[in-house]
Amino acid sequence: LTLPQFVQLMETFVGQDSSLLTVKSLIAFIKEEYKQTEEEKTEQLEKVHHMTRVAQQKLLLEALFDKWDTHGHGFLDLEEVYAVLSTFQGGMETRVLMKAKERLCFQYPQLSRVGKLSSKAFQTFLHLIASEFPGNEDETIDNLVEFLTTSVEESHTESLQSLRRRKWLQDIQQEAESSRASIESLYKAVLQAISQDAEAHGGNKKISAYIALLEENQLSPEQGRVLLRYVACTAEDAPYVLNQVLYRDMKGISFAAVDEGWPIHVPKVQLHGNIHFWNSERPVEERKGSFLVLPLHDARWRVFGILGLDTLRDQHEKNIFMAHEIIFYQGVSHAFSRAYHQICTRDNILQMAVTALDWLYARTPSIHTVTMYLLEPGKDKALCKMLTTDNTGQKEIHSPPVLVLREGNLLRDYLFKCTDTLGVALVPARGEQHIAVPLHDLSRQAHGIFDISIGHHKRLPPQEQKDLQKMLKMAQAAYLEILRRPLKERESTYVLEAEPVANARLAGFLFHRFMLQDLRKCI
């Protein structure tokens, strides 16, 4: 039990109307009766020591990954890491390294295709190598970390450039982590990072940038199964580019980048012959510049769109994208991909909640309203009101979400206690009885909360209580799956036939999928 959980347990046990004498008697009783044997103390200390060691090692390996990932791409080249590791301890035994690599590729099948290590895969690789060595695995990990740390060197200029660029990439990530972020604000953060880099490290190039996402082609399927829709671009290009659609049979190289999964750079577009110009009014003599298309990948390295950049508006003689710029733009595309899927995850959570509450209201007439909150990341004293529903079928997704601060919100203090303890709270508030139920994330930390009003009822009728508990159980399972899917580096397993093609309706399918699985267990 954590401290808040222990306090909640004691408060629940003594009740709300207990006297101070009763509380003091309980404290004295606990102090007298709670004892630990030496074996229990030793076991607890060993457990704490192990957990501390695992946490420290994880931080150490993450810091090492960041040191190697000098450009902030979010991935490392497998062969480059492999080559350096082969010189560990004067030349690591080839058998050890090969076996660890084979086991790694078995766990992450896409590695044999793309050859890129995520932070998680990098850590797994080092653990697999350490497990092949005789002796203490933790000591081997420490030695590997020390060796790999000294293998990375940067000049002072490179270091300063890397720091600035990392800051801009972090700004993209931080934008997505806010519960109040929108896709539009994320697009703005990406374009701003590109603009800042062009000013600081790109010789003040005038850069046009745009983001296009793949969609199923329902408009004219004869032109290809999918299309690219341009959802964001720099302000000067908006009249020509924004909301445009590129089909496979149109002129251009963007679909080649989609198919190949690698960046395509055209140093001089005037010499290429297969470039699509959205601004048809641009004179031929001004159709000069450098053009770059970068595919956007998800965690399983599937392409879901492109990030395009060009220097057609730049009138300088030398306006070709340099190698260090292209490397940075790869980092931008990766940062955008992670951030984009975070925002999509939040939207899926809300869709799942709507589906779950629709199922619930049909069975529990005693429930009046349900409000869903998400914790605001980085602000442990704030909640974001995301969704409000009632039993008449009314739904409101708050856009932007309403920020609720802990300070000065005594009437909602039960919500914050619920997130502190990860425990269910049954309290009267604002003239109605409320049930507050937390939703936890993959690390069992509070991530969201359902605030359920049952009006003037003291408790729900037994069958309604049972249905509420079932909904909450399925919602929690679907919630974890939604959080887990963008992180998975392997294909998901589907239960319902419609799941693979559900796309935007995925979250609703997940809730019903867990309901189906629960039903199967009962048969």
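## A salt-bridge tour of a predicted chain

Lysine 167 and aspartate 171 sit four residues apart in helix H9, which is about one turn of the helix.

### The whole chain

Let us step back for a moment. The chain has 523 residues, of which 46% count as buried. Its secondary structure comes to 16 helices and 14 strands, and the C-alpha trace spans about 85 × 65 × 50 Å along its principal axes.

Helix H13 covers residues 323-361, 39 residues in total. From its first C-alpha to its last, H13 reaches 57 Å, close to the 57 Å expected at 1.5 Å a residue. Because 28 of its 39 residues are buried, H13 is largely enclosed by the rest of the structure.

### Charged pairs

How many salt bridges does a search of the whole structure find? The count is 23.

| Pair | N to O distance |
|---|---|
| Glutamate 481 and arginine 485 | 2.9 Å |
| Aspartate 77 and lysine 116 | 3.8 Å |

Aspartate 77 and lysine 116 form a salt bridge with their closest N and O atoms 3.8 Å apart. This pair links distant parts of the chain: aspartate 77 belongs to strand S1 (residues 76-77) and lysine 116 to strand S2 (residues 116-117), 39 residues apart. Aspartate 77 is partly exposed, with a relative accessible area of 30%, whereas lysine 116 is buried, with 18%.

Glutamate 481 counts as buried at 6% relative accessibility, and arginine 485 counts as buried at 11%. Salt bridges also link Arg406, Asp413, Lys417 and Asp420 in a network.

### A buried aspartate without a partner

Side chains of opposite charge can pair when their charged atoms come close. Aspartate 441 is buried yet has no salt bridge. Which side chain of opposite charge is nearest to aspartate 441? That is arginine 444, 8.1 Å away. The side chain of aspartate 441 does have a polar contact of 3.0 Å with the side chain of serine 443.

Arginine 444 is placed in the loop between S13 and S14 too, and counts as exposed at 54% relative accessibility. Its phi is near 60 degrees, a positive value in a residue other than glycine.

### Backbone details

Leucine 422 is another non-glycine residue with a positive phi, near 55 degrees. Leucine 422 is found in the loop between helix H14 (413-421) and strand S12 (425-429), and is partly exposed at 26% relative accessibility.

A cis peptide bond joins serine 399 and proline 400, with omega about 0 degrees. Proline 400 lies in strand S11 (residues 395-405).

### Distances along the chain and in space

Arginine 513, in helix H16 (residues 506-522), counts as buried at 6% relative accessibility. Arginine 513 and methionine 474 are 39 residues apart in sequence, with 8.9 Å between their C-alpha atoms. Serine 179 and alanine 238 are 59 residues apart along the chain, and their C-alpha atoms are separated by 27 Å. Serine 179 is in the loop between helix H9 (156-177) and helix H10 (183-201), and counts as buried at 5% relative accessibility.

### A nonpolar patch

Finally, the surface carries a nonpolar patch formed by Leu1, Leu3, Phe6, Val7 and Leu9, with about 520 Å² of accessible area together. Leucine 1 is in the segment before helix H1 (3-14), and is exposed, with a relative accessible area of 76%.

Terms used: Residues are numbered from 1 along each chain as its sequence is written. This is a predicted model: local features need pLDDT of at least 70, side-chain atom pairs count only at pLDDT 80 or more; totals for chains, interfaces and linings use all residues. Side-chain values use heavy atoms; hydrogens and water are left out. Helices (H or I, at least four residues) and strands (E, at least two) are DSSP runs, numbered from the N terminus. The expected span of a helix is 1.5 Å times one less than its number of residues. Buried means under 20% relative accessible area, exposed over 50%, partly exposed in between (1.4 Å probe, protein chains only). Patches are made of residues with over 30% relative accessible area and no salt bridge: like charges are joined within 9 Å, nonpolar side chains (Val, Leu, Ile, Met, Phe, Trp, Tyr) within 5 Å. Accessible areas come from the Shrake-Rupley method with a 1.4 Å probe; for residues, only the protein chains shown count as cover. A salt bridge is a side-chain nitrogen of Lys or Arg within 4 Å of a carboxyl oxygen of Asp or Glu. Lys and Arg count as positive and Asp and Glu as negative; His and the chain ends are not counted. A polar contact is a pair of N or O atoms within 3.5 Å; within protein, one must be able to donate a hydrogen and the other to accept it, and residues adjacent in sequence count only if both atoms are side-chain atoms.
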